[in-house]
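Subject: Structure handover

Hello,

Here is the structure you will be taking over.

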Amino acid sequence: MAALGWAVPLRAAVGLRWRPVRAAVGLRGYRPARGYSGGPAQSPPTFGFLLDIDGVLVRGHRVIPAALEAFHTLCNPQGQLRVPVVFVTNAGNILQHGKAQELSALLGCKVDPDQVILSHSPMKLFTQYHDKRMLVSGQGPLVENARALGFRNVVTVDELRMAFPVLDMVDLERRPKTTPLLRNDFPAIEGVLLLGEPVRWETSLQLIMDVLLSNGNPGTGLATAPYPHLPVLASNMDLLWMAEAKMPRFGHGTFLLCLEAIYQKVTGRELRYEGLMGKPSILTYQYAEELIRQQAERRGWAAPIRKLYAVGDNPMSDVYGANLFHQYLQRVKRGGAEARGAGSLQKQQPSTTQSCTSILVCTGVYSPGDAASTGPGPGGGEPPFHGHRDFGFSPGLMEASHTVKDVNEAVQLVLRKEGWAV
């Protein structure tokens with residue numbers, strides 16, 4: 001992927017409310033695509049799609065039939081995409097190229113790695129931490145993901161547990177049978193990376209707390225907890241997500257909620273983040289906007305991309321994020337440039353995007369008439385806020401510009417609005 005040409009300062013805001021947060025199965029007869037094409041009879045696109053994955057294109061490991069229909073429409077007879085598309089997911093426990101291969105197989109359309117944005121992809125921009133010794137939490141190819149993001153010196157929770165066995169005491173079967181010698185040769189940890197929900201929450205919560213309370217030296221004890229604490233970078237704030245089960249499952253946002261509550265209870269202070277990435281962070285949408293622009297440039301589509309259509313199933317992450325980004329774009333248009341929430345993220349290429357339209361589908365987390373999705377709370381009050389603590393709650397931002405049955409209806413809607421042949 002070409003360099004994005006962005007610089008992120010130490011205190012980068014990433015779409016957070018203003019507070020002391022620092023930087024917050026293919027179709028029959030379908031031919032795999034080899035790239036993108038507008039086709040000889042079609043003018044170059046001036047719009048692009050930001051597509052969520054879980055609940056929009058797939059449920060667990062099963063493709064949603066409407067997704068196949070949508071991509072049949074989005075591709076020309078040669079099997080090439082007619083418009084730029086970026087897949088924006090809050091998942092993070094998978095490698096970028098692995099997710100691209102999975103989508104290619106499911107959709108019958110070639111998806112390149114640089115079309116996929118994982119929740120932690122914008123961490124590539126936080127270069128000031130890439131050489132620091134970071135504790136990384138999550139599951140799957142943790143070390144590979146961290147290194148792909150640019151972090152060169154990482155320690156996993158399991159490695160830390162093996163170095164200090166007495167720290168992990170919840171599971172009686174894993175407690176050491178004898179008291180091991182204390183180690184004094186373990187290099188200090190300088191920060192924490194939270195890439196996705198771990199498997200053993202009790203172990204990760206305990207050891208992350210140990211690192212924060214000991215200033216990176218979990219084998220020792222401090223009389224008072226240091227504050228500000230070590231830098232924490234986190235991605236994927238989804239409280240819930242949709243798989244094959246009838247009801248939503250806990251997401252990484254639930255894990256973050258637990259960590260924040262424990263830190264607050266133990267120290268009396270607020271856990272602070274140097275960066276929060278993934279939808280609904282504005283930083284994620286700026287990152288996606290740049291990848292859309294690069295796609296159009298590589299394909300020789302001269303007309304600038306002026307409109308983005310964000311399709312998702314989660315009102316709190318997909319709709320809220322798209323509407324938040326649209327608000328930011330309007331501020332930029334009015335000359336409000338780096339307004340609060342956009343952060344100090346600087347791009348060498350000026351933005352040509354004028355709007356970001358949110359489209360909500362009913363194949364995932366959101367279900368029409370489901371009060372837990374966007375409906376009123378108890379007594380007819382505000383709906384429950386499923387977003388992250390550091391995002392000010394504005395109920396209006398959870399209202400999609402369009403609500404449709406599925407992603408195929410979303411694609412049909414957009415192409416009609418843009419005057420394109422369906």
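This is a predicted model: local features need pLDDT of at least 70, side-chain atom pairs count only at pLDDT 80 or more; totals for chains, interfaces and linings use all residues.

As background, most peptide bonds are trans, and most residues other than glycine have a negative phi.

Pro-228 sits in the loop that links α5 (201-213) with β10 (232-235).

Another cis bond joins Lys-279 to Pro-280, with omega near 15°. Here the loop is the one between β13 (275-277) and α7 (282-298), where Pro-280 is located.

Positive phi angles

Asn-215 is not a glycine, yet its phi is positive, at about 60°. This residue is in the loop between α5 and β10, which is also where Pro-228 is placed. With a relative accessible area of 36%, Asn-215 is partly exposed.

Asn-236, again not a glycine, has a positive phi of about 70°. The loop that holds Asn-236 lies between β10 and β11 (240-241). Is Asn-236 buried or exposed? Asn-236 has a relative accessible area of 7%, and because buried means under 20%, Asn-236 counts as buried.

If you want to go through these in the viewer, start with the loop between α5 and β10, which holds Asn-215 and Pro-228, then go on to Asn-236 in the loop between β10 and β11, and end with Pro-280 in the loop between β13 and α7.

Regards

Conventions:
Residues are numbered from 1 along each chain as its sequence is written. Side-chain values use heavy atoms; hydrogens and water are left out. Helices (H or I, at least four residues) and strands (E, at least two) are DSSP runs, numbered from the N terminus. Buried means under 20% relative accessible area, exposed over 50%, partly exposed in between (1.4 Å probe, protein chains only).
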